[in-house]
Structures are given as structure tokens and as C-alpha cells.
Amino acid sequence: MGHSQPRQLRDWTLPEDHSSGEWEHLPRLRAASIEKLARIASISASIAQISVAFDDERLRIAYRQAAQDRGWAAFDGSLRTLVMMRHLTAGYRELATIPAFNFLADADQNDAGVIGLLTRRFPGLHHPVKHAVLIAFLFDSVEHFIDTYRTAAQEKISNGADTVVGNCREALRRLVEFEKWSVSRAAKATGIPLCQACRWLESIGVPYNHRPRMLSDQTKEQLRSMLIAGDDYGQIAERTGLKKSLIRAFAASNKALRDVWRVRRFECLRDRHRAHALELFNTMRGVSITALKSVRGNGLMWLERHDRAWLTKTIPTL
């Protein structure tokens, strides 16, 4: 599926020759992961029967269109790749223990990973299994993917995105400059993130009042409960729509609350890393610790630094 040489659809079939012994010690998968694997195989088989050669640019546009339809696009048309990666990691990470899918081990919520690779203009030949996974992740069915691919036209999507962006910005400007709405109210009405709305208004010289951000009693109580639960600032910001700086300032204003958050946050991280480590040990039996540490997001280094007693007890040979 390279930029310079699109592969034929017959190349989409998943590997079937396991004679090399590479797949002899496959880990046990949960039922949900087996269903995902079966769906990916079905997608691969269905697409392989269609006599069409894929064009990389149209594939890229089809993927981006599907992401936009699922609400994973900002008002300026850019994809929220980090949000997408979190969903991909949560749903497909267990498949990374299978040799043909080990590229998923690199799926990290802090970078664009395979999603960025296939939705941006990166030339090169990309393994068909990566496309099959992304299709399973973004589309409801093979028919949905084929319909989106066939109607994908760069000019249509680009112009449509430009029109939407233009309409949103003009509406924002009218509400703030002429209707005298607050920026937060206008941004919410037009569906534009507040920070982006402020930056754009400043760039074109539209004056607006910088009002102090006031938290309601209900919001304060929500923040307290989330901090006590040990949620990180990023999670809280995503769920409440507040800036991380504001959340951090709220926590800092109450030393007792901040101390409780720090303890609970540590416990949450510890429990998550322990659970992930146990999952790695159970699904990748016989693999050395050094090899396990090469799995992205394995958490073993964190456990060595902060929970070494548990790790040593769990792995006496460490």
C-alpha cells in the first residue's frame, strides 16, 4: 500500500503459512480480542476478492473522512490522533502479542502511531495488516469502507472542510465582535475549542474581554471527586472541558486535597502497571524480561523504580 506503488487487493490476505514455527506459541486471547481478530480476517478476505487497486491518497482521505464522521476531528479539520490512539490502544493492544500484529505494541497514547502513518502523507509501502486493522477500527463494515473509499475525492473533502472552518470562524467573529457575546459562550455555540477561539480572535485583532474563570460549586465538587479518585489532570480536563492549568491550580489551592490526589494517583499507576505486567507475564510466557521491556508501555521500568519489592516477589529471578 505504498505511495509510489499501490498493492493489489490480493495482497490484503493475512499470513497463513505458519510452518516456520513463528506462531507455535501464540498467547491466549480474551474472547473480545478473538472477535476483533476474526473481524480483521473477514475484512482482509472480503477486500481480497474485490478486483481493484487501491490509491494511497484516496485511502488516506477515506480514513480521515471516517474519523471525522466519528467526531475525531477538530474544527479546523485536523484529526485528534491522540484521542484515536487511546481508543485503538484500549481495544486492540492484546493483539500485539501475535507476530503479524506486533506493530500494535508501538501504539502509544502520546504519539500518532499507525494512525498517523496511514492518515498523513507518509510515502512508503505499509503492511496490508495495518490497513485491515485501521479499517476494522474506523468502519462499521467492509461495505462502509468501500463506499467511503469510492466517494473519496481530495477536492471535495478539502473544500468541504474549508467551508466548515470558514463558516465557524465567521460565526464566532460575528457573535463576539457584533453581538458582544463572551468568547466562551460563542465558542460553545460554534463548536470551537475555547483556546483555539481565543487564539484566532487575537490573530485577527478582534477585541474581547478576558474574564476570570469562575468555577461553580457543582464543578468544584466534580473536581474534588475526580482528584480523590486519582484521575490525572489530562483525564479530568478531557471530561470537564477545563484547562489543565486551572485544574492544577485548583488542586494546589487545597494542600490536603492535593496530597490525597498524589497518594491515590500513585496507587492507580501502581495497580495499572501491576495488572499490565501480570498480563504480559501470562500472555508472553517464556519471553525474557529484557524482551518484555521492549514492549511499548510495558510499565516494568516504572515498577522497578517505584514498586520493586512487588516486582521482585512476582519475578524472583529479577
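Which residue just after α8 takes a positive phi? That's G191, at about 75 degrees. This is a predicted model, where local features need pLDDT of at least 70, side-chain atom pairs count only at pLDDT 80 or more, and totals for chains, interfaces and linings use all residues. Residues are numbered from 1 along each chain as its sequence is written, and side-chain values use heavy atoms, with hydrogens and water left out.

View 1. Helices here are DSSP runs of H or I, at least four residues, numbered from the N terminus.

**View 2. The largest nonpolar core, with 42 residues.** Such a core is a set of buried Ala, Val, Leu, Ile, Met, Phe, Trp, Tyr and Cys residues joined through side-chain atoms within 4.5 Å. F101, L138 and F145 have the most contacts inside it. Helix α5 gives the largest share, 8 residues. Leaving aside neighbours within four places in sequence, F145 is in contact (heavy atoms within 4.5 Å) with I47, F54, L59, Y63, I135 and F139.

**View 3. Helix α2, mostly covered.** Of its 14 residues, 10 are buried, among them L59 and Y63. Just after α2, G71 takes a positive phi of about 85 degrees.

Notes: Helices (H or I, at least four residues) and strands (E, at least two) are DSSP runs, numbered from the N terminus. Buried means under 20% relative accessible area, exposed over 50%, partly exposed in between (1.4 Å probe, protein chains only).
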